[in-house]
Amino acid sequence: MYLVDASILIDAKNRYYAFDIAPGFWTWLEQGHQAGELISIDAVREERLSGDDELADWARDHPGFFLPVDQRTAQNFAPLSTWAARQDYRQDALNAFSSDQADFLLIAHAAGHGDTVVTNELPSPNARKRVKIPDASVAMGVEYVDVFTVLRTTGAKLHLHGRMEARPRLRPWHRPFQGSTDLCSGGEQ
């Protein structure tokens, strides 16, 4: 099962899979959930519900996509906290990690259920200011991948439907030439 981090949903909405540009991405999430391939956790949903945008609406309309904390997740709280405390993170990074319900709970859930975390974060094992999802995932024996890997693995195809009307596009090299026709001399003669 793929466990979706908030960064995937936020970046998709704000960038390459905005609701008005790529509704197929959001359909893929829904169908992936129905097929038992894609989920997230309640803490991610709660973060999104605080907004007033399309992503908040989507999270509100898809409560089943987000799972609550269960016993298998809770069993990983102590090992995850212990790992983080034994690293060379600053105290404020440790406090943020333990209070950032979504990241902490995401990794604990993945470890308890054998899920693969889907995140846009990159590992930074020498970081001291922030506990990164990939680093904590590795420590807990959890696999992590980016969204493009999951799109390919699940066979997603985001097709355009409908017909785009042809619009004339002027490129700089297609503009009518203005000025001297003597291209070799570089100026007036």
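**Figure 1. Overall content of the predicted model.** The protein chain has 10 helices and five strands, and the model is a predicted one. Of the 189 residues in the protein chain, 38% are buried. Contacts between residues at least 6 apart in sequence join residues at least 24 apart in 72% of cases.

**Figure 2. Packing of helix H3 with helix H4.** Helix H3 covers residues 42–49 and helix H4 covers residues 54–61; their axes are 8 Å apart, at an angle of about 135°. H3 is therefore oblique to H4. The crossing in which H3 passes H4 is left-handed. On the H3 side the contact involves Arg45, Arg48 and Leu49, and on the H4 side Leu55, Ala56, Ala59 and Arg60. Sorted by class, the contact of H3 with H4 contains four nonpolar and three charged residues, and no polar residues.

**Figure 3. Packing of helix H3 with helix H8.** In this view H3 is shown with H8, and their axes come within 8 Å and cross at roughly 155°. An angle over 145 degrees counts as roughly antiparallel, so H3 and H8 are roughly antiparallel to each other. H3 passes H8, too, in a left-handed crossing. Ala43, Val44 and Glu47 of H3 make the contact with Gln101, Ala102 and Leu105 of H8. By class, the contact of H3 with H8 has four nonpolar residues, one polar and one charged.

**Figure 4. Packing of helix H7 with helix H8.** The axis of helix H7 (residues 91–99) comes within 5 Å of the axis of H8, and the two cross at roughly 70°. Because the range from 65 to 115 degrees counts as roughly perpendicular, H7 is roughly perpendicular to H8. H7 contributes Phe97, Ser98 and Ser99 to the contact, and H8 contributes Gln101, Asp103, Phe104 and Ile107. The contact of H7 with H8 divides by class into three nonpolar, three polar and one charged residues.

**Figure 5. The aromatic pair of Phe25 and Trp28.** The structure holds 13 aromatic pairs. One of them is formed by Phe25 and Trp28, with 5.4 Å from centre to centre and 40° between the planes, and this pair is tilted. Both residues belong to helix H2 (residues 23–34); they are three residues apart, so about one helical turn separates Phe25 from Trp28. Phe25 has a relative accessibility of 1% and therefore counts as buried. Trp28 is buried as well, with a relative accessible area of 9%.

**Figure 6. The aromatic pair of Phe77 and Phe104.** The ring centres of Phe77 and Phe104 are 5.6 Å apart and the ring planes stand at 50°, so this pair is tilted. Phe77 lies in helix H6 (residues 77–86) and Phe104 in helix H8 (residues 101–113); at 27 residues apart, the pair links distant parts of the chain. Phe77 has a relative accessible area of 27% and is partly exposed, whereas Phe104, with 8%, is buried.

**Figure 7. The aromatic cluster.** Ring pairs join Tyr16, Tyr17, Phe19, Phe25, Trp26, Trp28, Trp58, Phe65, Phe66 and Phe148 into a cluster.

**Figure 8. Surroundings of Trp28.** Trp28 lies in helix H2. Leaving aside residues up to four places away in sequence, Trp28 touches Leu38, Val147, Val150, Leu151, Thr154 and Ala156. For one of these contacts, Leu151, the separation from Trp28 is 123 residues in sequence and 8.6 Å in space, from C-alpha to C-alpha.

**Figure 9. Surroundings of Leu158.** Leu158 is located in the segment after helix H10 (147–153). Its relative accessible area is 40%, so Leu158 is partly exposed. When residues up to four places away in sequence are not counted, Leu158 touches Tyr17, Gly24 and Phe25. The C-alpha atoms of Leu158 and Phe25 are 6.9 Å apart in space, while the two residues are 133 residues apart in sequence.

Conventions. Residues are numbered from 1 along each chain as its sequence is written. This is a predicted model: local features need pLDDT of at least 70, side-chain atom pairs count only at pLDDT 80 or more; totals for chains, interfaces and linings use all residues. Side-chain values use heavy atoms; hydrogens and water are left out. Axes are lines fitted to C-alpha atoms, for helices over the stretch in contact, and angles run from 0 to 180 degrees between N-to-C directions. Helices (H or I, at least four residues) and strands (E, at least two) are DSSP runs, numbered from the N terminus. Angles under 35 degrees count as roughly parallel, over 145 as roughly antiparallel, 65 to 115 as roughly perpendicular and the rest as oblique. A crossing is left-handed if the near helix is turned anticlockwise from the far one by less than a right angle, and right-handed if clockwise. Contact means heavy atoms within 4.5 Å. Ala, Val, Leu, Ile, Met, Phe, Trp, Tyr, Cys and Pro count as nonpolar, Asp, Glu, Lys and Arg as charged, and the others, Gly among them, as polar. Rings of Phe, Tyr and Trp (its six-membered ring) pair if their centres lie within 6.5 Å; planes under 30 degrees apart count as stacked, over 60 as edge-to-face and the rest as tilted. Buried means under 20% relative accessible area, exposed over 50%, partly exposed in between (1.4 Å probe, protein chains only).
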